[in-house]
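Subject: Structure for your review

Dear colleague,

My notes on it follow directly after.

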Amino acid sequence: MGGGNGTMTVEPFFGTEHLMDLSTKVAVVTGGARGIGHATCYALARNGIKAVAVVDQLEGVTAFTNQANEDCGRSVMIPFRGDVTDANFRRHVFAEMGNLYGPVSICVPAAGFTKDRLAVKIDKESGEADIYPQEDFDRVLAVDLTAPIYWAMETVASVARDRHGRGLGRWEPAERVQGAVVFIGSVSSAGNKGQVSYASAKAGLEGAQATLAAEAIFYGVRSAVIHPGFTDTAMVQSLGEDYVSKNILPQTQLRRLIKPEEIADAICFLIRNSAVSGQLWVDAGWHPKG
Ligand SMILES: NC(=O)c1ccc[n+]([C@@H]2O[C@H](COP(=O)([O-])OP(=O)(O)OC[C@H]3O[C@@H](n4cnc5c(N)ncnc54)[C@H](O)[C@@H]3O)[C@@H](O)[C@H]2O)c1
């Protein structure tokens, strides 16, 4: 600790041995071509991940991975274009990654969208009550709730299958954590005007996370949910600059939108630090108001 010549040398409190070593891990990030998913792919690559499946319905997913691989100086990202609600597409991604790199054990199912509207509107002339359309509600739940849970369960399945194939049973802590799922919730999970479908989906992820946290540790897979506040992505930009500066920024402690890289950093923290479990709020001090 103390130097012999009267100077003080400060030794690090601990190294990085306690963190998950990503160099042997294979990940899937949905919604990876843009926004928070995009930043997460870069953050995983910077943290040395072996390979990341970048899943998105956008045509630009291939151009993004080409550019990212060039930036990273290695072929770490593999593009998959498709709809996350398509079960055959999902199975194809896991099979392909399994064949090329080994079982997928990290999952960040970030693909999502909003379809905002008041739950009930009254037509002032006719007096008719107009309820949020059920087909919109079903689609938001399919993309924002069911799909993330199925991509997560597919990840747990790929670890479970691999362990079974190697004759391994119940996971033991001495093996170190095998994998992790980080669901992307939202501050809206606590309720937000105009977001009856989105808030329901994001709140539902909490139940899935808590259940997988209890079940999937049998195979050594942890799970967590992160609740981002308003983040500077296409999803929030679509609200318009005026709306953001009048209605959102004044209610945040940082007086600015969160950067996708800040969320990605917190996602990597949740993946790599095995002592963290449950939920992390990354909201820049913004909370939904009643
Ligand atoms: N931006 C925010 O303020 C904020 C806050 C809280 C939570 N989130 C959540 O973070 C996640 C990422 O959002 P973002 O802000 O980066 O949005 P974004 O719109 O920039 O990115 C979402 C990505 O998901 C993809 N996607 C959407 N539906 C898909 C589908 N059916 N199949 C395949 N890909 C699909 C889109 O093509 C897009 O690339 C979402 O789950 C969102 O709900 C965002």
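**A strand covered on both faces**

Strand β8 is covered on both of its faces: Val-221, Ser-223, Val-225 and His-227 on one side are all buried, as are Arg-222, Ala-224, Ile-226 and Pro-228 on the other. Here a residue is called buried if 20 or more other C-beta atoms lie within 10 Å of its own, exposed if 12 or fewer, and partly exposed in between, with C-beta atoms placed from the backbone. The strand spans residues 221-228, and eight of its eight residues are buried. In general, side chains in a regular strand alternate between the two faces of the sheet. Helices (H or I, at least four residues) and strands (E, at least two) are DSSP runs, numbered from the N terminus.

Please note that this is a predicted model, in which local features need pLDDT of at least 70 and side-chain atom pairs count only at pLDDT 80 or more, while totals for chains, interfaces and linings use all residues. Residues are numbered from 1 along each chain as its sequence is written.

**Strand partners**

Two strands pair if DSSP finds at least two bridges between them. β8 pairs in the parallel sense with β7 (residues 179-184) over six bridges, and Val-221 of β8 is the bridge partner of Gly-179. Between β7 and β8 the chain passes through helix α5 (residues 196-215), in a right-handed β-α-β crossover; that is, with the strands pointing away from the viewer, the path from the first strand over the helix to the second runs clockwise. β8 also pairs in the parallel sense with β9 (residues 278-282), over five bridges, and Pro-228 stands opposite Val-282 in β9.

Val-159 lies in helix α4 and counts as buried because 20 other C-beta atoms lie within 10 Å. Leaving aside neighbours within four places in sequence, its contacts (C-beta atoms, placed from the backbone, within 7 Å) include Gly-179 and Val-221.

The ligand is surrounded by 26 residues (C-beta atom, placed from the backbone, within 6 Å), and the closest are Gly-31, Arg-34, Gly-35, Gly-112 and Thr-233. α1 (35-46) and α6 (234-237) are the elements that give two or more residues to this shell.

With kind regards

Key:
Two residues are in contact if their C-beta atoms, placed from the backbone, lie within 7 Å.
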